Amino acid sequence: MPLSLLHESVAPFDPKFTGGENNFIKRSLWSPDGSAILTVSEDACVRLFALPAQTIDALQGSAEQPQATPLLPWAAIAEPEGIADCCWLPQMKWEDPSSCVFACAARGQPVHLWSASTGVLCGSFMPMDNAEEVSSPFSLAFYRDGSVLYSGHSSCVRLFDTQRPGRQTEQWTLATRKGREGLKVIVSAIA
């Protein structure tokens with residue numbers, strides 16, 4: 001399906017849902033193909049915005065410059081707690097709905113993998129600490145082919161196989177409590 005047709009077929013989001021007067025955007029991420037924007041708001045919601053078909057056609061050189069139009073979200077996904085980080089699957093393309101996914105890390109929750117095209121939960125990844133409790137990540141990133149999801153924590157990075165939701169498959173410890181060597185840090189960004 002051509003990109004412009006897909007955006008016209010997406011049902012518009014109900015504009016009444018704004019999150020309240022004190023809500024604000026904390027972070028925004030362009031999709032890898034440049035056709036959508038994901039925002040993280042203070043109300044622990046991820047909102048998805050699509051570029052209008054006229055804007056995409058103008059950027060591709062097949063139409064004149066469009067008039068400014070407000071962007072309205074077509075979907076909102078609420079997490080129970082504050083959202084620390086989100087990231088798009090690197091191969092995301094609107095032409096392939098199976099690639100339209102993003103990961104979201106909320107405080108005290110598993111890492112969730114959501115479908116951007118349908119708003120359905122695709123899988124959950126459980127970053128477990130030594131006490132067998134869910135450890136909230138501070139940062140997320142996919143490996144360039146999308147096969148591995150990295151989550152940054154206090155003094156460690158946990159790895160997940162994206163084809164098999166569940167617990168981490170590997171953990172890279174950067175420091176220990178007793179050790180004097182190593183980095184005693186919070187992994188707040190992964191690139």
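Reader: Is A44 buried or exposed, and what is its relative accessible area?

Author: This is a predicted model, in which local features need pLDDT of at least 70, side-chain atom pairs count only at pLDDT 80 or more, and totals for chains, interfaces and linings use all residues. Residues are numbered from 1 along each chain as its sequence is written, and side-chain values use heavy atoms, with hydrogens and water left out. Buried means under 20% relative accessible area, exposed over 50%, and partly exposed in between (1.4 Å probe, protein chains only). A44 is therefore buried, its relative accessible area being 7%.

Reader: Where is A44 placed, and what is its phi near?

Author: A44 belongs to the loop between β2 (36–41) and β3; strands (E, at least two residues) and helices (H or I, at least four) are DSSP runs, numbered from the N terminus. A44 is a residue other than glycine, yet its phi is positive, near 65°.

Reader: Which loop holds S155, and what is the relative accessible area of S155?

Author: The loop between β10 (148–153) and β11 (156–161) contains S155. S155 is buried, with a relative accessible area of 14%.

Reader: Which residues is L48 in contact with, leaving aside its neighbours within four places in sequence?

Author: L48 is part of strand β3 (residues 45–50), and its relative accessible area is 0%. Contact means heavy atoms within 4.5 Å. With those neighbours left aside, the contacts of L48 are I37, L38, P73, W74, A75, W88, F102 and A116.
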